[in-house]
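Please read the following notes with the sequence and the model open beside you.

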Amino acid sequence: MDVIVWSRIQFAMTAAYHWLFVPLTLGLALVMAVMETLYVIRKDEFWKKTAQYWMKLFAINFAVGIATGIILEFEFGTNWSNYSWFVGDMFGAPLAIEGILAFFMEATFFAVMFFGWERVSKRFHLASTWLTGIGASISAFWILVANGWMQNPVGTTFNPDTVRSEMASAQAFWEVVSNPVAISKFFHAITSGWVTGGVFVVGISCWYLLKKRQQKFAKASILVGSIVGIIGSGAVMLSGDASGIHAAEFQPMKLAAAEGLQDGGRRAAFTIVPGIKIPGMLSILATHDLDGYVPGINDILNGYTDNECNVIPSVAEKMQRGRMALDALAQYRALKDSEPEAAAAARAILDENVQYMGYGHLEKPEDVVPPVGVVFWAFRFMIGLGMLLLLEMLVLGWLAWKDRLSDKKWLLIAALCCIPLVYICGQSGWVVAEVGRQPWTIQGLLPVNVAISSLSVGAVKTTFFLFLAIFTLFLAIEIRIMIGAIRKGPETENE
Amino acid sequence: MSYTFLQNYWWFLIALLGGLLVFLMFVQGANLHLGNRKLSDLQKRMILNSTGRKWELTFTTLVTFGGAFFASFPLFYSTSFGGAYWVWVLILVTFVFQAVSYEFQNKKENLIGSQAFRVFLMVNGFLAPFLIGTTVGTFFTGSDFTVNKVAITDSAAPVISTWGNGWHGLEAVGQFHAVLLGLSLLFLTAILGALYILNNVEDATVCGQMRRSIKLNALPFLACFLGWLAILLLREGYAVDGAGVVSLERYKYLHNFLQMPAVLVLFLTGVVLVLLGLYQGAFSKSLKGIWPAGIGTVLVVMAVFFVAGFNGTAYYPSCTDLQSSLTIRNSSSSRFTLQVMFWVSLLIPFVVAYIAYAWHQMDRKKITPGEITGTPHKY
C-alpha cells in the first residue's frame, strides 16, 4: 500500500475514534443540563445528584474526545499538506472560528461545571453546564461547515497566482456558512449525538433496574434520556431527508453508491435489502418527486441530463477538460512574467475548464466510483439501526412513564444491548458520508492522491500504529473506568 | 482595510496567541513538580488539581494557535506540519497523553497505574515547551524545505511543500541556537508553573518547594535566554524586499529591534516584568509573581514573533532554497478570508472577559488539603 492509502487509513481511524466520543459528549451534555435545570427549578437534591452522576461519565468520555480531536485537527497539516494549502483559505476560517468561539467556551465552563459546585453560585453553575454543551454544539457547527464545504464547495474561486481555492468575496463567507449541506449535516450530526446520549442513558439506567438498584434514579433518567433520544431521532430523520436531497443534487455518485444503483432513471426504486425494493421510493427520497430522475453509476460515468435539464458531461470528458486546465495552469505559471499574452491565453483555457481541474488528476473514469458495497451496507445499517433505536426509546419511555418497566427483564437487557448499536449506527453514518465521497477530499476539485504530504510510507505507517495503539488503550481505559463508575452508581438513595 | 493591514493584523494575533500559549504553559511547568520527592502524594494531588482546572485553556490555546495559523497563514500550516512531521507528532502525542491523564490518573480502573499518568504529565511538561521552543527557534535558523506551487499540476509528484531530509523536523534538536530557545522555554515554564502554584495552592511545604524551584530554574533560564538572544542579535537574518525576494542580511534581527523601537520597548518591558515576577517568587513573600511574569512572557513572545515576521523578514526561512522561505505576504490567506476573520476576532475581548470572570470565580478560594480529601469533584 502506498502513502495515499496509509494516510487515508490513518485519517479514517482517527476520525472513527473521535466519533466514538463526540456524540456521547453532545448527548450527555443535553441530558445533564436538563437534569440540573430540574434541580435548580424544583430545588430537589435528587436531580442534583442525578446530574452529577451523568456528569462524572461525561468527564471520562470528554477527555478522550479532546485527545482524539487534536490529532484530527493537526492531521490536516501533517498528512494532507497539499490539501491544507489548497483549501486553507476556505477551510481554515471555520476552524479558527471554532477555536475562538467554541473551544474556549467548552474549556472554560467545563472546569466550572466540574469543579465549581462549591465555588460558584447555583445559577452560574447551571449556566456553565448549559454553556459547556452549547460550546460543544457550536464546535460541531463550525467543523461541519468546513466538512459541508468539502462536500459542496460553494463561494470559492480558483486563483492561479496562489494555486488554491479562495474566498470569492467577503459575502461568499455567508454562502459557506449557509451551505445547505453544512446545515443539514450539522443538524444530522448533533441530533444523532442526542440519540447516542439518550440510548446510553436509557441503557445504563436499565442496568440499575435489572440489578434492582437506584430505581428512582434509573426511572427518572430513562424518562429524560428517552425524551432526548426521541426528539433527537425525529430531528435525525428530518435532517437525513434533507441530506438525501443534497446528495442527489451535489454528490449523485454518493447516492448511487449508497443505493447500489448501476443504471438510474425516473420512478427509481429504493432497495431495502437486495431483492426487496419499493418502486418509486428512491425518486421521492432523492427529489421529492415520484417522476424525479436519479442517475445511476453508469449514467454518471457516461453523462446524463439532470432534472433541471442540464447536460452533465461524462467523466472521461471531465478528465480531458481537467487535464487541459492543469496544462493551462502550468503554462500560465511559466509564462506570466515573461510572455503576458501567451499567459493570458493559457489563463482563458484554465478559466474555461477550471471546474473540472480535479478530474485531471484521475487515471481512469472508474476512479470516481467509491467502494459501492461498503457505502451500500453502511447506509442500510445506519437507517435500520436508527429505526430500531427510535422504537426502543418510544417503548422504554412509555413504559417508564407508566412505571411498568421494572419487571420487563428482556426489555431491560435489550436496552443495554442497544448501547453498542447506537455507536455502530453513528459510525455507519460517517462511512456513508466520507467513503461515499471518495475519491474527493474536495468534491470535484481535489482528489485524495493530490492532497497528501510528502512523507514516506514508513513514517505514516509508524504514526498510524502509534495512534491506533494510543487510542485503543484510551478506549479500553475509558470503558473500564466507566464500568467502575457505573458499578459504583450515583449517590442518590438506593430505593 | 488593506490586504497588508489584514496580513499584519493576523500576524499580530498569531503573536498574541503564541504569547498566551507560552504563558498558559505554566500548566506544563507546574506538572514538572510532580516528580519532586519532597512533596507528599496529597501535595502532588493539590498541584494536579490546581493545574487540572486550567489545562484545558492551555490545550485550547494550542489548538486555536494551530487553527489560526491554518486560517491566516495556510502555507505555514501545510509546509511546517507536513514537513516537520516528527516534531509536531511528538508534541501532539505528549498533549494527547496529557488530555486523558488528569481524568484517568486517580481512577483505580485505569489499567496502567496512577504513576504512569503522572509520568505522562511530566513528559508533556518537559517535551512540549522544549519542542515548541525549538521549533519556534527554527523561525530564525531556517529549515530544510522547498515550496513549488506548480507541482500540483503534476499528478505523479503533486506535493507543493517538500522537506529535504528524512528527519522531518527532528534535525532542529541538533541546531544549537534553536535548542537554546527550547531550553529557555522549558526553564521559563517551570518558573511560571512554580509561580502559579505559589499563587493557587495553600500549603507551606508546597510553597517552600516552589520558591526553591524558582531559584533553581532562574539561572539556567537566564543563561539559555541571554545566550539565545546574543546569537540572535549577531546572526544573519532572512530579509525580504518589496518584490518578495529573500536574501541573507547581517544583523537582521538586531536591525529589526532598532528599526522597530516599539517592539524593542515591548521586549524590554516584558523582560523586566518576567524578572520582577521571578524576584517576587524567589526572594519576596509575595504570591503574585505569576502576574508580572505572565504578562511579561506574553510581551516577550509577541516581540519575538514581531521580530521574526515584521520589517521585511521571512518568518519561516528555508535554508535549502531562500526563495521558498515563507513571509507574511506570500503565505497568508486571501484578503476576503482575513477580512471575515478580522470581524470574528473582534469577539476575542469578550472571550477573554468571560475566561477572566470564570477564572476569578474559581480561584477566589485557594486549593487546600481539605479540598482534596473532602470534595467529591477532584482529580
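1. Chain B has 379 residues, and its radius of gyration, taken over C-alpha atoms, is 21 Å, which agrees with the value near 21 Å for a compact globule of that length; the globule rule is 2.2 Å times the number of residues to the power 0.38. The C-alpha atoms of chain B fill a box of roughly 65 × 45 × 40 Å along the principal axes. This is a predicted model, in which local features need pLDDT of at least 70 and side-chain atom pairs count only at pLDDT 80 or more, while totals for chains, interfaces and linings use all residues. Residues are numbered from 1 along each chain as its sequence is written, and chains are lettered from A and ligands numbered from 1 in the order in which they are written.

2. Chain B contains 15 helices and four strands, where helices (H or I, at least four residues) and strands (E, at least two) are DSSP runs numbered from the N terminus. Of its 379 residues, 59% count as buried; a residue is buried if 20 or more other C-beta atoms lie within 10 Å of its own, exposed if 12 or fewer, and partly exposed in between, with C-beta atoms placed from the backbone. Among contacts in chain B between residues at least 6 apart in sequence, 76% join residues at least 24 apart, a contact being two residues whose C-beta atoms, placed from the backbone, lie within 7 Å.

3. Chain A is divided into domain 1 (3–251 + 373–488) and domain 2 (265–361), with bounds that come from an automatic or database domain assignment. The centres of the two domains, taken over C-alpha atoms, are separated by 32 Å, and their contact takes 13 residues from domain 1 of chain A and 15 residues from domain 2 of chain A. On the side of domain 1 that touches domain 2, the elements giving two or more residues are α7 (215–250) and β10 (446–447) of chain A, and α7(A) gives the most, with three residues. The residues of that side divide into nine nonpolar, three polar and one charged; here Ala, Val, Leu, Ile, Met, Phe, Trp, Tyr, Cys and Pro count as nonpolar, Asp, Glu, Lys and Arg as charged, and the others, Gly among them, as polar.

4. Between the chains, 70 residues of chain A are in contact with 63 residues of chain B. Helix α3(A) gives the most to the side of chain A that touches chain B, with 25 residues, and the residues of that side divide into 45 nonpolar, 17 polar and eight charged. On the other chain, helix α13 (residues 335–345) of chain B has buried residues that include B:F336, B:L338 and B:M341. The buried residues of α13(B) pack against α3, β2 and α5 of chain A, together with α1 (3–24), α4 (55–72) and α14 (348–363) of chain B.

5. Which residues have the most contacts inside the largest nonpolar core? They are A:V31, A:M32, A:W54, B:L92 and B:I191, in a core of 294 residues; such a core is a set of buried Ala, Val, Leu, Ile, Met, Phe, Trp, Tyr and Cys residues joined through C-beta atoms within 7 Å. The largest share of this core, 23 residues, comes from helix α3 (residues 81–115) of chain A. Leaving aside residues up to four places away in sequence, A:V31 touches A:W54, A:G197, A:V201, A:V224, A:G225 and A:V228.

6. Some backbone details deserve a careful look, because most residues other than glycine have a negative phi, and most peptide bonds are trans. A:Q214 is not a glycine, yet its phi is positive, at about 40 degrees; this residue lies in the loop between α6 (180–210) and α7 of chain A, and it counts as buried because it has 23 C-beta neighbours inside 10 Å. B:Y251, also not a glycine, has a positive phi of about 55 degrees and sits in the loop between β4 (246–249) and α10 (252–259) of chain B, where it is partly exposed, with 15 other C-beta atoms within 10 Å. The peptide bond from A:Q438 to A:P439 is cis, with omega near 15 degrees, and A:P439 is found in the loop between α14 (409–435) and β9 (440–442) of chain A.
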